[in-house]
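Q: I have a model open on my screen and would like to learn how to read it. Could we go through some features together?

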Amino acid sequence: MASTSNIEIINDALKNNVNFVNSIIENGTKISAVIKGNAYGHGTSVVVSALEGLGIDHFSVYSSPEAFEALKSRSNNSTIMIMGFINNEDYDWIISNKVEFYVSNIYALKKAIAVAGELNKKARIHIDVETGMNRTGLTFSELKKAVALIKDNKNLLDIVGVTSHFAGAESIANHMRIKKQFTTFKKRIKLLNDNGIYPKIRHIASSAAAINYPETKLDMIRTGILIFGYWPSEESLIYYMQKRKLKKNPLERAIRWKSQVVAIKDVAPGEFIGYGLSFQTQYKMKIMIVPVGYCNGYSRSLSNNGHVIVKEQNAPVIGSVNMNMIICDITYHQGINIGDEVILIGKQGNSEISFSSFAKMNNSLNYEILARLPENIERILIY
Ligand SMILES: *Cc1c(COP(=O)(O)O)cnc(C)c1O
């Protein structure tokens with residue numbers, strides 16, 4: 001059954017962005033495409049197959065259920081790496097399928113060793129070390145315990161990587177903290193090496209760090225937002241463009257969210273539109289209804305505030321965003337008919353609602369808006 005809106009994922013845009021990411025790394029640095037949160041709302045299966053077609057063979061997810069989705073979607077022998085939560089009962093499946101995973105505490109390490117022992121297979125782990133974000137990761141004392149466990153169980157563990165995460169590399173305000181984290185990271189790697197443990201892939205940089213702190217790219221970067229065509233922050237875009245003296249944003253948004261006009265009507269002056277009293281007509285207006293509302297991820301904070309594109313022109317949202325629909329002002333538009341395409345995010349001809357402007361209208365970050373796009377909206381890959 002057709003949904004009331006659909007999401008197009010534009011392969012050429014993904015290709016442009018993968019090329020961009022390739023241009024900021026050196027030979028020898030690998031790309032892991034981060035596809036947590038249903039590939040930042042773009043849809044795991046669509047994105048995995050598109051990115052595999054563009055040469056990506058390493059994917060990072062947050063949890064074991066996400067790894068399951070990613071593994072189902074891959075057609076090559078791409079690596080799947082879990083950076084976060086694992087259900088206890090999933091270790092078996094993970095180790096059997098050679099899915100890689102972070103070990104962020106002693107409990108997880110012991111569990112990995114136990115299950116690997118039962119299966120008589122190696123667990124492919126990345127040692128997640130605490131470097132100052134104070135979120136997940138082995139603290140210094142835990143790391144020393146982990147080293148002992150690893151040495152005792154070498155036959156059950158494949159130490160694929162060592163990793164950590166920066167606490168906000170997208171903003172210069174965090175500069176000292178990021179520098180300190182990187183120094184700590186290098187010390188922790190040395191501790192491992194001094195104990196005869198040599199993880200093959202040292203990785204800490206996400207998109208923001210790869211842009212702002214090139215020295216942190218090491219063996220692999222984990223990049224999500226850049227691949228989808230957005231910057232980790234406006235600051236990181238300005239910094240990058242100024243440094244390179246670029247006139248144009250080198251990234252292209254890969255998403256187009258569209259719906260259609262389902263009704264058009266005239267409203268007399270002095271009438272209220274939609275629920276309550278939040279919008280009153282000052283003159284005779286023409287309005288259209290679009291069947292997308294907050295249950296579809298179109299935020300209520302866009303009430304009397306957002307806009308959409310129809311016939312390549314902006315149409316403001318008037319009144320409140322309802323659960324299943326919005327009402328838009330088309331008083332000054334010509335020739336709009338029921339069934340015409342409406343763009344909620346993305347391009348139509350020369351007009352664009354960028355996700356950044358959408359996020360700003362919505363007082364929110366690109367990441368949050370994208371990740372909240374519901375899974376049940378159909379995603380289509382456009383070549
Ligand atoms: C989300 C995430 C990333 C990717 O961040 P981007 O800013 O999208 O590049 C990298 N590492 C970890 C641990 C993450 O959670």
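Q: Which residues of α4 are buried?
A: This is a predicted model, so read everything here as computed from a prediction. The buried residues of α4 are S64, E66, A67, A70, L71 and S73.

Q: What covers the buried residues of α4?
A: The cover includes the helices α2 (36-40), α3 and α5 (91-96), together with the strands β3 and β4 (79-82).

Q: At what angle do α3 and α4 pack, and how far apart are their axes?
A: Helix α3 (residues 44-53) and helix α4 (residues 64-73) pack at about 50°, and their axes are 9 Å apart. That angle makes α3 oblique to α4. The crossing of the two helices is right-handed.

Q: Which residues make the contact between α3 and α4?
A: On the α3 side look for T44, S45 and V48, and on the α4 side for E69, A70 and S73. By type, these contact residues divide into 2 nonpolar, 3 polar and 1 charged. Two of the α4 residues here, A70 and S73, are also on the list of buried residues of that helix.

Q: Where is Y62 found?
A: Y62 sits in the loop between β3 (58-61) and α4. Its relative accessible area is 44%, so Y62 counts as partly exposed. Leaving out residues up to four places away in sequence, Y62 touches K36, I82, M83, G84 and F85. For a sense of distance, take A263, which is 201 residues from Y62 along the chain: the C-alpha atoms of the two are separated by 41 Å.

Q: Is S207 buried or exposed?
A: S207 has a relative accessible area of 4%, so it is buried. S207 lies in helix α9 (residues 207-212). Not counting residues up to four places away in sequence, S207 touches R222, T223, G224, I225, L226 and P232.

Q: Now the aromatic rings. What describes a pair of them?
A: Two values do: the distance of the centres and the angle of the planes. In this model the count comes to 9 aromatic pairs. One of them is Y283 with Y332, a tilted pair at 6.4 Å centre to centre and 45° between the planes.

Q: Which parts does the pair of Y283 and Y332 tie together?
A: Y283 lies in the loop between β11 (263-267) and β12 (285-290), and Y332 in the loop between β15 (326-329) and β16 (341-348), so the pair ties together parts that are 49 residues apart in sequence. Y283 counts as partly exposed at 36% relative accessibility, and Y332 counts as exposed at 60%.

Q: Which residues form an aromatic cluster?
A: Find F20, W231 and Y240 on your screen: they form one aromatic cluster.

How values were computed:
Residues are numbered from 1 along each chain as its sequence is written. This is a predicted model: local features need pLDDT of at least 70, side-chain atom pairs count only at pLDDT 80 or more; totals for chains, interfaces and linings use all residues. Side-chain values use heavy atoms; hydrogens and water are left out. Rings of Phe, Tyr and Trp (its six-membered ring) pair if their centres lie within 6.5 Å; planes under 30 degrees apart count as stacked, over 60 as edge-to-face and the rest as tilted. Helices (H or I, at least four residues) and strands (E, at least two) are DSSP runs, numbered from the N terminus. Buried means under 20% relative accessible area, exposed over 50%, partly exposed in between (1.4 Å probe, protein chains only). Contact means heavy atoms within 4.5 Å. Axes are lines fitted to C-alpha atoms, for helices over the stretch in contact, and angles run from 0 to 180 degrees between N-to-C directions. Angles under 35 degrees count as roughly parallel, over 145 as roughly antiparallel, 65 to 115 as roughly perpendicular and the rest as oblique. A crossing is left-handed if the near helix is turned anticlockwise from the far one by less than a right angle, and right-handed if clockwise. Ala, Val, Leu, Ile, Met, Phe, Trp, Tyr, Cys and Pro count as nonpolar, Asp, Glu, Lys and Arg as charged, and the others, Gly among them, as polar.
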